[in-house]
Amino acid sequence: MEIRSKEFAVRAELTEVSEADLELINRSFALRPLTAEQVYVRRIALCNDQYDRTQERFPRSYLERFAETLPGKPLLAHHDRHSYPVGRFFRAEVGTGDGARADGTPTDGIRAEGSGNWLYCWVYLVKTPANEEIRAQIDGGVYSHVSIGFRWADLRCDLCGKSYFRGDCPHVIGQEYEGRVATATYGGDLGRVEAVEGSLVYLGAQYGAVVTKSDDRQAEKECLNGCLNGKHPPKENAPASGLADDGTLYRIDLRREIGRLAACVRAEAEVAGRLTSLDAAGDVTASRLKELHDELQKRFDAVFPVSGIGGTASVGTELVPA
């Protein structure tokens, strides 16, 4: 099943790394032991089981699967799966919105807006000069929106109980039928459900979440219904869809190259701030990214002038403790 994303306007909470958390990080993830002074840890309420802006919701069983599968997964920026992670999730659990776990015990002061069940998770970053800007913006409340990327099994209509994207359901989410608005709940084989990453994003929903797909639910339903049943979208839609996909891939490649150049000229913090400003303004066009790329390329060429003609080759290696 394809990966979807839902965004939440939930701030990361201040916390100090505990001895137990540091031991878990060192035992399960770090190749060399880290000290408490080297580790930056924050707690995040990543998603919940309430109906969101798109009239969909996760059942508690999905949150529990996310809690099982999220540890070890990356914290990204903007769901950019082509760049190195910002941090790593190392612990997760499901609790209620009033700050209690399912068994009624407190969750060390974690609080989330609203009621219902929430996925609470802990993420760590190794403190470096390169991520100092990210840490400062999180602590200052500027980076305050998060999004979960997940694999799902099925989405069932709450009106008829049938699969929404597999051609059985006649309803469209968000439309009204005999005085009731159509809503949907995720379901299906939990073995196919997985949290694949969490991301810092520029803007989340005012409440609940936003699925990062088409706002036209009818078009989305027709497209996914065809894909899930082994069919292709209508032929007249193919060119536009292909061009849109090409544009998305081009912007992803530009972002990746911008990140590489920024690292080379030691401008990661500056570039991260500029990209965040573009994201917030909704002005992340290919032309804007190309301008930034070309500017960084000039700075790279000035720092690393070409002195001759030659080539290099690289091979992949596995990271192991020294």
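Q: What do the buried residues of α3 pack against?
A: In this predicted model, the buried residues of α3 pack against β3 (39-48), β7 (117-126) and β13 (194-200), where a contact means heavy atoms within 4.5 Å. Helices (H or I, at least four residues) and strands (E, at least two) are DSSP runs, numbered from the N terminus.

Q: Which are the buried residues of α3?
A: In α3, which covers residues 132-139, they are Ile134, Arg135, Gln137 and Ile138; buried stands for under 20% relative accessible area, exposed for over 50%, and partly exposed for values in between, with a 1.4 Å probe and protein chains only. They cover an arc of only 165° around the axis, so they lie on the same side of α3, the arc being that of the directions from the helix axis to the C-beta atoms.

Q: What follows α3?
A: Glycine 141 follows α3, and its phi is positive, near 80°.

Q: How should I read the numbering and the cut-offs on confidence?
A: Residues are numbered from 1 along each chain as its sequence is written. Since the model is predicted, local features need pLDDT of at least 70 and side-chain atom pairs count only at pLDDT 80 or more, while totals for chains, interfaces and linings use all residues, and side-chain values use heavy atoms, with hydrogens and water left out.

Q: Back to β13, then: how does β8 pair with β13?
A: β8 and β13 pair in the antiparallel sense over six bridges, and two strands are said to pair if DSSP finds at least two bridges between them. Phenylalanine 150 stands opposite alanine 195 in β13.

Q: How many residues of β8 are buried?
A: Five of the six residues of β8, which spans 146-151, are buried, leaving the strand mostly covered.

Q: What does the side chain of lysine 73 reach?
A: The side chain reaches the backbone oxygen of threonine 69 at 2.9 Å, and a polar contact of 2.8 Å joins the side chains of lysine 73 and glutamate 194. A polar contact is a pair of N or O atoms within 3.5 Å; within protein, one must be able to donate a hydrogen and the other to accept it, and residues adjacent in sequence count only if both atoms are side-chain atoms. Leaving aside residues up to four places away in sequence, lysine 73 touches Arg88, Phe89, Glu194, Ala195, Val196 and Glu197.

Q: Which residues other than glycine have a positive phi?
A: Among them are glutamate 178, with phi near 50°, and arginine 266, with a positive phi of about 55°. Glutamate 178 sits in the loop between β10 (176-177) and β11 (180-181), and arginine 266 in the loop between α5 (238-264) and α6 (268-280).

Q: And are they buried or exposed?
A: Glutamate 178 is exposed, at a relative accessible area of 89%, and arginine 266 also counts as exposed, at 78%.

Q: Last one, what is the strand order in the open sheet of three strands?
A: The order is β4-β12-β9, with mixed pairing, and the edge strands β4 (56-57) and β9 (154-157) each pair on one side only. β4 pairs with β12 (residues 184-187) in the parallel sense over two bridges, with glutamate 56 opposite alanine 184 in β12.
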